[in-house]
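Please walk through the model below with the sequence alongside it. The text begins with individual loop residues and then turns to helices and their packing.

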Amino acid sequence: MTEYFIRRILQSLLVLVLVSIVTFGLIHAAPGGPTQIFLSPGLSQEAAKVQAHNLGLDQPIHIQYFKWVGGLLKGDLGYTFKNHVPVGEILWPTVGNTIILMGTAWILSLLIAVPWGIYNSTKPYGFSDQTSSFIAYIGFAMPTFWFGILLQELFALKLDWLPLSDMWTMGQEGNLSNLFMHMILPITVLTLGFLAAYSKYSRSSMLEVLEQDYIRTARAKGVKERKVIFRHALRNSLIPIITILGLDLPILVGGAALTERVFNWPGMGRLFIEMAVAREYSVLMAIALITAVVVVIGNLIADILYAIVDPRVQLGKGGKSA
Amino acid sequence: MVKTKKWIALLATLTLFGALFVGCSNTKSNESSNTKNPTGSAVDTKKSTDKPVDGGTLTVSSFSDIVSLNPIFVADSASGDVSRFVMASLYDLDRKGNLTAEPWSLAAAPLEVSEDGKTYTVKLKKEAKWSDGQPVTADDVIFTIDTFRNPKVGSPGIGQFDKVDKLEKVDDQTVKITLKQVFAPFQYSLFNQLIPYHVLKDVKPEQLKDNPYGKDPAKTVTNGSWKWSEWKRGQYLAFEKDPSYWGQQPHIDKVVYKIYADQNTEVQALMKGDTDLIQAIPVTQVEAVKKKDGLTVLLAPGPLYEYVAFNFKPENFPDNYVPFTGVKTRQAIATALNREGMIKNILKGTGTKLNAPFLPGTWADPGSAVTEYNYDPEAAKKLLAEDGWVAGSDGILTKDGHRFSFELQYNAGNSRRQQVAAVIQQNLKEVGIEVKPKAIDFSSWAENNLTPGKFPAVLLSWSLNNPDPDGEQTYSSKYFPPNGQNMGWYKNEKLDKLWVDGYSTVDQNERKKIYEEVGKEISTDLPYVFLYQYGLPQGLGSRVKYAEADAPEASLPYGYYFHIQNWWLTQ
C-alpha cells in the first residue's frame with residue numbers, strides 16, 4: 001500500500017512538471033504576449049525595453065520558467081504584469097467561490113442522479129426512466145449559458161422572484177440567505193447538466209451489473225430483490241461512476257466558465273477568460289497548475305475509492321491497480 | 001489623456017467574446033451609433049428642469065475591471081472611467097472638446113499660452129486639497145509630469161510629455177511648462193490627473209508600479225469629488241462622498257462601478273434596475289431596452305471611425321507589385337464602395353459617412369472642403385480604365401500582367417467587420433477587383449501584421465481619444481513601422497508638411513485652415529478609404545437625472561460621465 005502510494009505520488013509529480021512545462025511553453029508561444037501593453041503610441045523602443053527588463057520578459061524562456069518554478073516552491077505564484085498584484089490575492093477568492101457553486105451543484109446532482117439511475121435500472125423503459133432520459137437529452141443538448149439566460153429572463157426579469165446575477169447583493173456579503181437566493185438559478189443550470197450525465201451512467205452501470213452471473217445466482221438462491229440490488233449489485237455498479245467522478249473533480253475548481261459569466265459569479269472559470277484576454281500569464285499559469293493538481297488528486301482519490309468498493313482491486317501488488 | 005490613438009483592441013477582443021459566448025445574439029458586434037441626433041437622442045427624458053436632490057447610490061457598470069487608479073498607469077478604459085470619480089483633472093473638456101477649467105478642475109483659470117506658443121502657464125485653485133488634507137500644489141504638477149516622462153517608470157502615457165523642455169515652479173499655485181517646440185496638441189496632455197508629491201516623492205521610479213498607490217483604496221490619496229472606499233476585484237468598486245472635499249459636493253452620495261462579465265447580463269441588469277448606466281448596448285438589444293418603461297438609450301456617435309487602409313510597400317504583395325499605386329485606382333475603390341448601404345444595413349442607420357480623419361462636427365472638421373465619393377460603380381470602372389486597368393479573361397482587371405486581387409484582413413469574431421468585408425468584396429467584384437477577406441485573431445494580427453506593417457489591406461478603426469485633430473503619427477512618413485502607426489507605409493510630402501504646420505501654431509483659426517488643407521489633400525489622395533464614424537449606444541436607468549447642459553456627450557473621451565458631478569438621482 002505504502003509503496004503504491006509513493007509510486008503514485010512520484011508519477012503525479014512527474015505529470016505536474018510536464019504539465020507546467022507544456023503550459024508555460026504554449027502560453028509563451030502564443031502571439032500577442034504581455035509586451036503588447038507596451039505598444040502604446042509614443043512609447044520609445046528604449047522605454048519599452050526598460051519595462052520588459054523590469055518584468056523579466058527579456059530573459060530566455062527557460063530562465064523565466066525556472067524563476068517561476070523557484071517562486072512556486074516558495075509558495076509564490078507570481079505577480080500580474082499590468083499592475084503587479086500578487087496572483088494569489090486575485091486567484092484564491094475565486095477558487096472558493098467556484099467551489100461553493102460547483103460543489104453544491106455537484107453534490108446535489110449526485111444525490112438525485114445516483115438513486116434515480118439505480119431505481120430506473122430496476123424498471124428500464126418505465127415512466128421514470130423515460131422522464132430521466134428526456135431530462136438527460138435536454139441537459140446534454142441545451143447550451144448551459146442559453147438555459148441560464150432563459151431562467152434569468154423568466155425568474156429575474158418577468159417574475160422578479162430571484163436576483164439576476166452575482167453572488168451577493170452588495171452590502172449583504174456574508175448573509176447566507178442572500179447567497180442562497182443568488183445560487184438558485186446557476187445551481188439549477190449546473191445541476192441539470194450534471195444530472196443528465198450521472199443518472200445515465202449510474203443506470204447503465206447498474207443494468208450491466210444486474211446481468212452478471214452472480215446476480216442471477218443470487219436471485220436463483222431466492223435472495224430478495226431489494227437485497228440483490230443493495231447488497232450485491234450496488235457496490236460493483238459504483239466503480240465506473242467513481243471513475244467518472246474522479247475525472248470530473250477538476251470541474252469543481254475549474255468552474256463552468258460560461259455559467260459563471262452569465263450569472264456574473266466571481267469564480268475561477270470567469271477569471272480565466274478575463275485573464276486570457278488580458279494576457280496575464282502568471283494568473284493563467286497558476287490556474288492551469290491548480291487544475292492539474294486537482295486532476296492528479298482526483299485520480300488518486302478515485303483509485304483509493306476503488307479499493308474500498310471493490311475488494312478485487314489490490315493496491316500495490318504487481319501493478320494490478322487500475 | 002493617456003490614450004491618444006489606439007487600435008480598438010479592447011472592442012475587438014470583446015467582440016470576439018461577445019460572438020463566442022453570447023453566440024445566439026451576436027451582441028457586441030454591432031457597436032454603432034445614431035448620428036441623426038448628434039448631441040443626444042430624441043428619447044432623452046433625463047434632461048430635467050426639476051431641482052436637483054442630494055443623496056442616493058448611482059450604480060454604473062462596465063465589462064472590465066480596473067488595472068490601477070494611479071494616473072501614471074491608466075491606459076485602459078475601465079481605469080480611465082473610474083479615475084474620473086476620485087481624481088480631479090488639471091483641466092477638463094467642454095462639450096466641444098475645448099480645454100476648460102470647470103469648478104471641479106484643479107486649474108483656477110483657463111490655460112495661458114505664451115505669445116510664441118511654447119510656454120504654458122498653469123494656475124491651480126488655492127483651495128484644492130488632497131484627501132489627506134494637504135494642498136494640491138505646483139510640486140504635484142511638476143512631480144507628475146516628471147514621473148510620466150521618466151522611462152524607468154514605464155508609464156504608457158510617456159509620449160504625451162516628450163516635447164516638454166522645462167518645468168518651473170513660479171509659486172505654490174503656478175507652474176510654467178516650456179516646450180522644445182511649438183506643439184499645439186500638447187494642451188490636451190493637461191487634461192490629466194495628478195499624483196501626490198508628498199506621498200510618492202520617496203518611491204523609486206522603477207518601483208512605482210509595485211506601490212499600493214492606485215491599487216489599495218486606503219493608500220490612495222485622491223483629490224476628486226468622491227473618495228475611493230472599496231475595491232472587490234472582478235466585482236465592483238465603490239466611491240463615497242468625501243465630507244472634506246475641497247470643492248462643491250456632488251449631489252450623488254455614492255457611486256458603484258460594477259463589473260459584468262457578460263454583456264447580455266449587463267443589459268438585463270439595466271432592465272432589472274441593478275445598474276443605472278451602461279456604456280454600450282448591443283444594437284440587437286436597443287429596441288428591447290427602449291421598450292422598457294423609464295429606460296433611456298442615447299444614440300450619439302463616439303470618437304471612432306472605420307476605414308480600409310492600403311499598404312504601399314511592395315514587399316507585401318506577390319511579385320512586389322502594389323496595385324494601389326495609382327491615385328485614380330484608390331479613388332475608384334472609394335467610388336465603388338456602397339457606404340450608405342453599409343450604414344443602413346449593417347449599422348442599422350447608426351453611423352455617419354466620413355471622407356477625412358476628422359470627426360464630423362468638431363472644430364477641425366473640414367466639412368465640404370473634402371472630396372466626396374458617392375457610390376457609383378460605372379464611374380469607378382471609368383476611373384480604373386483611365387488608370388490602365390483592363391478586364392482579363394476571368395473578368396478580373398489586370399495591368400502589366402498583374403491581376404487586381406488582394407487580401408483584406410480584419411479581426412476574427414467581429415461580425416460587423418465580417419459583414420462589411422463581405423460588402424466590400426461584393427462591391428469591388430462588380431468593378432472587376434477581387435478581394436479575399438481574411439479574419440485573423442486580434443492579438444496575432446496586431447503583432448504579426450499591424451505593428452510591422454505587413455499586410456495588403458486592412459479593415460480597422462481608430463479610436464480618437466484625444467480631441468486634437470493632429471494625425472501625424474498615423475499618416476506621416478516620419479512614422480513608418482515599427483516606430484509609428486503609419487502601418488501602410490503611406491508617403492505624401494505635402495501632407496507630411498501640413499501635419500507639422502498643423503501643430504506648429506497654437507492659433508486655432510490658423511489650425512482650422514491647415515486642417516482644411518489636410519482634409520482636401522487626404523480625401524483626394526486616399527491613404528485609406530474612410531468609411532464612417534460610429535459609436536456605442538449608452539443606456540440609462542429611470543432614476544438618473546441631469547440638466548440639459550450636463551447630458552452625457554458620447555463624442556468625448558469618458559463622455560458618458562460628462563459633468564456627472566451635477567447629476568442627481570430620484571427614488
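His563(B) lies in the loop between strand S24 (544–545) and strand S25 (568–569) of chain B. Helices (H or I, at least four residues) and strands (E, at least two) are DSSP runs, numbered from the N terminus. The phi angle of His563(B) is near 55°, a positive value in a residue other than glycine. With a relative accessibility of 14%, His563(B) counts as buried; buried means under 20% relative accessible area, exposed over 50% and partly exposed in between, with a 1.4 Å probe and protein chains only.

The model is predicted: local features need pLDDT of at least 70, side-chain atom pairs count only at pLDDT 80 or more, and totals for chains, interfaces and linings use all residues. Residues are numbered from 1 along each chain as its sequence is written, chains are lettered from A and ligands numbered from 1 in the order in which they are written, and side-chain values use heavy atoms, with hydrogens and water left out.

Leu526(B) also has a positive phi, near 55°, and is a residue other than glycine. Leu526(B) sits in the loop between helix H14 (508–525) and strand S22 (528–534) of chain B. Its relative accessible area is 2%, so Leu526(B) is buried.

Another loop of chain B, between strand S15 (352–353) and helix H9 (377–386), holds Thr362(B). Is Thr362(B) buried or partly exposed? At 30% relative accessibility, Thr362(B) counts as partly exposed. The C-alpha atoms of Thr362(B) and Asn411(B) are separated by 29 Å, and these residues are 49 apart along the chain.

Chain A has 12 helices and 0 strands. Of the 322 residues in chain A, 49% are buried. Among its contacts between residues at least 6 apart in sequence, 69% join residues at least 24 apart, where contact means heavy atoms within 4.5 Å.

Helix H1 (residues 2–29) of chain A has 28 residues and, at 1.5 Å a residue, should span 40 Å; its end C-alpha atoms are 40 Å apart, which agrees. The expected span is 1.5 Å times one less than the number of residues. The buried residues of H1(A) are Tyr4(A), Arg8(A), Ser12(A), Leu16(A), Ser20(A), Phe24(A) and Ile27(A). An α-helix has 3.6 residues a turn, so residues three or four places apart point the same way. The buried residues of H1(A) pack against helix H3 (61–73) and helix H12 (281–309) of chain A.

Two packed helices are described by the angle between their axes and the distance between the axes. Axes are lines fitted to C-alpha atoms, for helices over the stretch in contact, and angles run from 0 to 180 degrees between N-to-C directions. The axes of helix H4 (residues 87–122) and helix H5 (residues 127–141) of chain A come within 9 Å and cross at roughly 130°. H4(A) and H5(A) are therefore oblique to each other; angles under 35 degrees count as roughly parallel, over 145 as roughly antiparallel, 65 to 115 as roughly perpendicular and the rest as oblique. Trp116(A), Tyr119(A) and Asn120(A) in H4(A) meet Ser128(A), Asp129(A), Thr131(A), Ser132(A) and Ile135(A) in H5(A). The residues of this contact divide into 3 nonpolar, 4 polar and 1 charged; Ala, Val, Leu, Ile, Met, Phe, Trp, Tyr, Cys and Pro count as nonpolar, Asp, Glu, Lys and Arg as charged, and the others, Gly among them, as polar.
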